[in-house]
Amino acid sequence: AFFGFTSEQGRRCLQKNTKKAWQKLKSELNPKNCQELQELVQRDVLKKLLFNPGQTQALLALKNRSLIVRSSSHEDGQVVNAGQNLTLGNIEATEEALKQAIAKVVSSYFGYPSLKNRAEFEKQKIFEKMPDCSVLVMEQIIETLTPPVSGVVMTHKPDWADLSSEGRMMQVSATYGFGEGVVSGSIPSDEWVITDTITYATIRKKTHRIQVLSGGKSQEAMNTSALQHQPVLDETMLKNLETVAKHLEKSFGYCLDIEFVVHNHQLYIVQARPIQAFKTDKDKVTYLDPETLPEGEHFFSTPILSGTGKVFSTKKERILFASTLEEAMYLFKKEDYDTVVVHTAPQASNSHAAVNFASYKPPIACFALSKGDWDAFKSVPDETACTICSQTGVVLRPAPGQKIAVQEGLFAHPISSPV
């Protein structure tokens, strides 16, 4: 069960001082201006939001249920803006509690992460009008005797080839508990890459999950030993999910990022948004063979996102060093960086940050190094020339004039390279 609040309802709440703060933000987009604006937006929505009769009736029908308040699809402009706006779970089905949650979600549309990410693609167009303020209210699947399973399915793995050149590579990430564990990449998740001929599974030890507390707060909880080692999805549910995902993709007409919940053997689809499947020719991708590297300093990283799938050269100053992919998403500016290197890899491939980096044109290559190598690489001079292999994760510091043997084709099929 679900209902919504329109963008017009949200915008009608905004007062003169809030609109002045928006004008100030247009002149300088920074965290401080965004924070000031968010506080004004949240205050206005709390004071002025009115429920219409249909919304009041829908809320009464959900009495004694837990609600989840989601940012709507309008959060995405010309870019996939995954995870940059707020979602609040386990909200009490009362007008006051719901209004509190809606105010926080609407204010997140004016937050620095959301606007900064959109500005990377839309430039000044994002300031032509205020963000859309619509909100979706849904009944939440809550934990009972057994925890629900939450996950994300990409109907096509976004950073590896288009459908025509490589065939379908559907990717599923799922774990126990609230879906934030998957989309943040913070909780160990089981993963499957599904092609037309084979399913490749990576089953991880899932020691803990995220539980949602009253009012939208969350906490980590331990899984039982029985749950820790068994797959969160059985073959029947995986096939059911694949069928539903293909049907939705056909209905919308493009590749999708779909969030889902499974509870008591029932599949619930809770969100779908478009993704970019980067079009590359498998015969034009290149790699460095780790067995035939030239002499010189090099690092072996783990590819998180393969970018264009090619060997490329860059300066160290063009590489963004961050602890996690989430932190990198906050700091990244395309005019400053073309590569991301982190020292803590996400524990799920289908995280929000991974989806956003994969949506750049071309996708941003992202890698994980051990903390020791990350520190060593970060300390080299900014003007250092680097040669990086998107496929194998090899990072070279070639000597001046040194020739590097670049191979053509796929080093390994992407189905064999989950995070």
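This briefing covers a helix pair, a sheet and several salt bridges. The model is predicted: local features need pLDDT of at least 70, side-chain atom pairs count only at pLDDT 80 or more, and totals for chains, interfaces and linings use all residues. Residues are numbered from 1 along each chain as its sequence is written, and side-chain values use heavy atoms, with hydrogens and water left out.

**Helix pair α3 and α5**

- Helices (H or I, at least four residues) and strands (E, at least two) are DSSP runs, numbered from the N terminus.
- The axes of α3 (residues 31-48) and α5 (residues 95-108) come within 8 Å and cross at roughly 145°.
- Axes are lines fitted to C-alpha atoms, for helices over the stretch in contact; angles run from 0 to 180 degrees between N-to-C directions.
- On the α3 side, the contact (heavy atoms within 4.5 Å) is made by Gln 38, Val 41, Gln 42, Val 45 and Leu 46.
- On the α5 side, the contact residues include Lys 99, Ile 102, Ala 103 and Val 106.

**Open sheet**

- An open, mixed sheet has 4 strands in the order β15-β19-β18-β17.
- Two strands pair if DSSP finds at least two bridges between them.
- β15 (302-306) and β17 (319-322) are the edge strands, each pairing on one side only.
- From one strand to the next, the twist averages 20°.
- β15 and β19 (residues 365-368) run antiparallel and are joined by 4 bridges.
- One of the bridge pairs is Thr 302 with Ala 368 of β19.
- Helix α13 (residues 371-378) packs on the sheet, touching β17 and β18 (339-342). The direction of α13 makes about 135° with that of β17.

**Salt bridges**

- The count comes to 15 salt bridges. Each needs a side-chain nitrogen of Lys or Arg within 4 Å of a carboxyl oxygen of Asp or Glu.
- Lys 24 pairs with Glu 36, with the closest N and O atoms 3.3 Å apart. The pair links α2 (residues 16-27) to α3, 12 residues apart.
- Lys 24, Lys 32 and Glu 36 are linked in a network of salt bridges.
- Glu 242 and Lys 246 meet in a salt bridge at 3.2 Å, N to O. They are separated by about one helical turn, because they lie 4 residues apart in α10 (residues 235-252).
- Glu 242 is buried at 10% relative accessibility, whereas Lys 246 is partly exposed at 32%. Buried means under 20% relative accessible area, exposed over 50%, partly exposed in between (1.4 Å probe, protein chains only).
- Arg 318 and Asp 338 form a salt bridge at 3.6 Å, N to O. Both residues lie in loops, so the pair ties together parts that are 20 residues apart in sequence.
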